[in-house]
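Please read the following report alongside the sequence and the coordinates. It goes from the overall fold to the cores, and then to single helices and loops.

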Amino acid sequence: MDDLLATARRRFDAGDAVAALAPAQRALAEAEPGSAQAANIHVALSAIHERLSQYDEAEHHARQAVALTDMPPHGRLRVHALASLAVMARIRDRLDEAEGLYLSALALAEEDTASLLCGLGIVHKCAGRYDDAERVYREALALIGPDEPEAAAVWHNLGGIEHSRGRHAEGELHARRSVALRERALGPDHPIVAADRAALASLLVGQRRFDEAKDLYRQALLVFQRVYPADHHSVTVTARNLAALER
């Protein structure tokens, strides 16, 4: 079971969520029901399904993980379970719920607080609370360090804030740092790098630099089409953005 979960995580981290699904499901089938191991696998399955835009399944596994970690001693695992459910609440526009879950996770967390702050920042951005979002992103950046690979997510999100504010040139600087850090860590063909390129493209569109944006959207779409099903959210959105740009 541990080997199956390790395989699933290795494939997921390499950007192949489709290949990660089966070993994670087999690991859950072998786990003792109600155990901490089962909760840990539910967290992993929630992330895999979320990456695949399979949101009903992702929320189901997140809720299972939260239920299984309701009583101590499940400190760190409880944090991950709450964060998994917070992601789904945010995706489904239940922003007050998502904020509460992230705050509960932060109150318990002794580490991984930067990733929780990033998640909370995304919730604030979705609610139009851009100053609050920037504040928690900056807190996360101070914890990580601006040039560490993990800082790429923060720079990506800071770029998103500036896009929402209409400050595209400022956002471009952040987005380029995200692409550079993540590409160095993951290689050019990882789907997370592709998402960074697509975000940079949107900031270039705001500056009417259409040819540069088109190249970045095309690069991102090729990666998304390779690793995701045809109806995946990232495939659909990037294809739509590229089509609008071509038009």
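## Overall fold

A residue is called buried here when its relative accessible area is under 20%, exposed when that value is over 50%, and partly exposed in between. By that criterion, buried residues make up 46% of the 247 residues in the protein chain. The model is a predicted one, and its accessible surface comes to about 12,100 Å², of which carbon and sulfur atoms account for 51%.

The secondary structure of the chain consists of 13 helices and 0 strands, which gives the pattern α-α-α-α-α-α-α-α-α-α-α-α-α when read along the sequence. The radius of gyration is 18 Å, close to the 18 Å that the globule rule gives for 247 residues, so the chain is as compact as a globular protein of that length. Taken along the principal axes, the C-alpha atoms fill a box of roughly 55 × 35 × 30 Å. Of the contacts between residues at least 6 apart in sequence, 52% join residues at least 24 apart.

In soluble globular proteins, nonpolar side chains tend to be buried together. In this model the largest nonpolar core has 37 residues, and those with the most contacts inside it are Tyr102, Leu116 and Val154. The elements that give two or more residues to this core are H3, H4, H5, helix H6 (95-108), helix H7 (113-126), helix H8 (130-144) and helix H9 (152-165). The greatest contribution to this core comes from H5, with 8 residues. Apart from this core lies another one, of 36 residues, among them Leu4, Ala24, Ala194 and Leu203.

Which residues are in contact with Tyr102, once its neighbours within four places in sequence are left aside? The contacts of Tyr102 are Ala83, Ala86, Val87, Leu116, Gly119, Leu120 and Val123. Ala199 is found in helix H11 (residues 191-205) and is partly exposed, with a relative accessible area of 24%.

## Helix H4

Helix H4 covers residues 55-68, and at 1.5 Å a residue its 14 residues should span 20 Å, which agrees with the 20 Å between its end C-alpha atoms. The buried residues of H4 are Ala58, Glu59, His61, Ala62, Ala65 and Val66. Seen down the axis of H4, these buried residues fall within an arc of 165 degrees, so they line one face of the helix. An α-helix has 3.6 residues a turn, so residues three or four places apart point the same way.

What covers the buried residues of H4 includes helix H2 (17-30), helix H3 (36-51) and helix H5 (75-91). On the other side of H4, Asp56 and Ala67 are exposed.

## Helix H10 and its surroundings

The buried residues of H10 are His168, Gly171, Glu172, His174, Ala175, Ser178, Val179, Leu181 and Arg182, and they pack against H8, H9 and H11. Glu162, found in helix H9, counts as buried at 5% relative accessibility. Not counting residues up to four places away in sequence, Glu162 touches Arg167, His168, Glu170, Gly171 and His174.

Ala185 also has its place in helix H10, but it is partly exposed, with a relative accessible area of 47%. The C-alpha atoms of Ala185 and Arg78, which are 107 residues apart along the chain, are separated by 28 Å. Just after H10, Gly187 takes a positive phi of about 90 degrees.

## Positive phi in loops

Most residues other than glycine have a negative phi. Asp93 is found in the loop between H5 and H6, and it is exposed, with a relative accessible area of 57%.

Terms used. Residues numbered from 1 in each chain as written. Predicted model: local features only at pLDDT ≥ 70, side-chain atom pairs only at ≥ 80, totals over all residues. Heavy atoms only, no water. Helix = DSSP H or I, 4+ residues; strand = E, 2+ residues; numbered from the N terminus. Expected span 1.5 Å × (residues − 1). Buried < 20%, exposed > 50% of the residue type's maximum accessible area, 1.4 Å probe, protein only. Arc of directions from axis to C-beta. Contact = heavy atoms within 4.5 Å. Rg over C-alpha atoms; globule rule 2.2 N^0.38 Å. Areas by Shrake-Rupley, 256 points an atom, 1.4 Å probe, with all protein chains shown as cover. Core = buried A, V, L, I, M, F, W, Y, C linked by side-chain atoms within 4.5 Å.
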